[in-house]
Amino acid sequence: LKHPSGFDETLKRYVSFLPLLGKAAVVTLKISILAMILAVGLGLLTAVVRLYGPWPLRWFAISYIEVFRGTPLLI
């Protein structure tokens, strides 16, 4: 079975990108994990302030939550 002309070179070139793609995947996972930790922490803080905070902070937290709750994700 003979491959088309240039197939082997193209395959070698694409295979050479695999280590770079692996590193990029690890960076993406790290960013995603850090973003999730930050989001959960800020969300928990906002929820606690909304429930138990003093009135000015509670009003700000309620306003913030309602604005983002009413904003479509695809803007």
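This section describes the aromatic contacts and a nonpolar surface patch in a predicted model.

Two aromatic pairs were found when the whole structure was searched. In one of them, the ring centres of Phe60 and Tyr64 lie 6.4 Å apart and the ring planes meet at 25 degrees, so the pair is classed as stacked. Phe60 and Tyr64 both belong to helix H3, which covers residues 55-69. Because the two positions are four residues apart in that helix, about one helical turn separates them. The two residues were also examined for solvent accessibility. Phe60 has a relative accessible area of 53% and is therefore exposed, while Tyr64, at 42%, counts as partly exposed. The threshold for the exposed class is over 50%.

Tyr64 also pairs with Phe68. Here the centre-to-centre distance is 4.7 Å and the angle between the planes is 55 degrees, a tilted arrangement. Tyr64 and Phe68 are again four residues apart in helix H3, about one turn of the helix. Phe68 is exposed, with a relative accessible area of 53%. Phe60, Tyr64 and Phe68 together make up one aromatic cluster.

A contact of another kind involves Arg13 and Tyr14. Arg13 is placed over the face of the Tyr14 ring, at 6.0 Å from the ring centre. Tyr14 is also one of the residues of a nonpolar surface patch. This patch has an area of about 690 Å² and is made by Phe7, Leu11, Tyr14, Val15, Phe17, Leu18 and Leu21. Helix H1, residues 7-16, and helix H2 are the elements that each give two or more residues to the patch. The largest contribution comes from H1, with four residues. Leu11 is a member of the patch and is located in helix H1. Its relative accessibility of 43% places Leu11 in the partly exposed class.

Helix H2 spans residues 18-52 and includes Ala47. The relative accessibility of Ala47 is 32%, so this residue counts as partly exposed. Ala47 was also compared in position with Ile65. The two residues are 18 residues apart along the chain, and 8.9 Å separates their C-alpha atoms.

Note on methods: Residues are numbered from 1 along each chain as its sequence is written. This is a predicted model: local features need pLDDT of at least 70, side-chain atom pairs count only at pLDDT 80 or more; totals for chains, interfaces and linings use all residues. Side-chain values use heavy atoms; hydrogens and water are left out. Rings of Phe, Tyr and Trp (its six-membered ring) pair if their centres lie within 6.5 Å; planes under 30 degrees apart count as stacked, over 60 as edge-to-face and the rest as tilted. Buried means under 20% relative accessible area, exposed over 50%, partly exposed in between (1.4 Å probe, protein chains only). A charge sits over a ring if NZ of Lys or CZ of Arg is within 6 Å of the ring centre and within 35 degrees of the ring normal. Patches are made of residues with over 30% relative accessible area and no salt bridge: like charges are joined within 9 Å, nonpolar side chains (Val, Leu, Ile, Met, Phe, Trp, Tyr) within 5 Å. Accessible areas come from the Shrake-Rupley method with a 1.4 Å probe; for residues, only the protein chains shown count as cover. A salt bridge is a side-chain nitrogen of Lys or Arg within 4 Å of a carboxyl oxygen of Asp or Glu.
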